[in-house]
Amino acid sequence: MEYKKKLIEVALPLEAINAESAREKSIRHGHPSTLHLWWARRPLAAARAVIWSSLVNDPSSHLEEFPTEEAQNAERKRLFRILTELVKWENSNNQDILNAAKAEIMKYTDNNPPALLDPFAGGGSIPLEAQRLGLEAHASDLNPVAVMINKAMIEIPPKFAGQPPVNPESRKGLLSKPSSTDWRGASGLADDVRYYGEWMKKKAFERIGHLYPKVKDEHGHEHTVITVTTVFNKFFSRLLTDCSVIFTISTNLGSCFFTNPI
Ligand SMILES: C[S@@+](CC[C@H](N)C(=O)[O-])C[C@H]1O[C@@H](n2cnc3c(N)ncnc32)[C@H](O)[C@@H]1O
């Protein structure tokens, strides 16, 4: 079989991919990928771009369709336009753009795209993006935390794809207006996670909230008191005995920590 070069082997719109990969870090609040911090997590934009361009052929592999360099360049530009839109965070669930990207994958895989296996999946960027592009995705990792992240992000949500939520509040709405919401993808599951997450937070607060009283500092700012017998320094895994001199552990705006030995 004649080998066909893939787009990734010839050219990529790197500036667009890099810019989106860098931007993603500051805007992905509330996204499942923030479930748990994974130090070496690859940006979703980069993973999406690499998978897509590894499946789509470069036009130079199709001389019958693109016989001249000009024709190949024009086709490459068209593929770049799809990829540039595909890597944008805002387009992560844009069905028109995803369908256009999937159509190219289908075209170059004889409508039979391969499954993807990431044996060192870590935070799961690669299998997550493979799934988004319509591939069957498999993931494994030595670390049980990574396995848990991948289960929560990649294995469980597809089981509830397209299903409406089951929480009582949304069910009331569904009964009164059955077609009011289009529960596409994991949006029904997400609605349940939000509802029951709030429920758990409320219940936890009712039961143990009194153990975390609020106090005001000398500037009138409110803080939560956490009483501990031993404090570990999370950066050096040592006992926090050093802080007996400096009682401020962190002064980062919005997340100040003080020790008050008694
Ligand atoms: C660089 S991280 C992968 C990051 C991932 N691509 C992401 O986007 O989050 C490498 C992963 O390989 C895993 N690992 C290392 N040795 C392994 C082994 N022998 N078998 C399975 N996983 C292993 C580590 O636990 C770690 O999660």
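## Model basis

This is a predicted model: local features need pLDDT of at least 70, side-chain atom pairs count only at pLDDT 80 or more, and totals for chains, interfaces and linings use all residues. Residues are numbered from 1 along each chain as its sequence is written.

## Nonpolar core

The largest nonpolar core has 25 residues. Such a core is a set of buried Ala, Val, Leu, Ile, Met, Phe, Trp, Tyr and Cys residues joined through C-beta atoms within 7 Å. Buried means 20 or more other C-beta atoms within 10 Å of the residue's own. Ala49, Ile51, Trp52, Leu83 and Val87 have the most contacts inside the core.

H3 (44-55), H4 (69-86), H6, S2 (137-139) and H7 each supply at least two core residues. Helices (H or I, at least four residues) and strands (E, at least two) are DSSP runs, numbered from the N terminus. H3 gives the largest share, seven residues.

## Leu83 contacts

Leaving aside neighbours within four places in sequence, Leu83 is in contact (C-beta atoms, placed from the backbone, within 7 Å) with Pro13, Ala49, Trp52 and Ser53.

Terms used
Buried ≥ 20, exposed ≤ 12 C-beta atoms within 10 Å, placed from the backbone. Contact = placed C-beta atoms within 7 Å.
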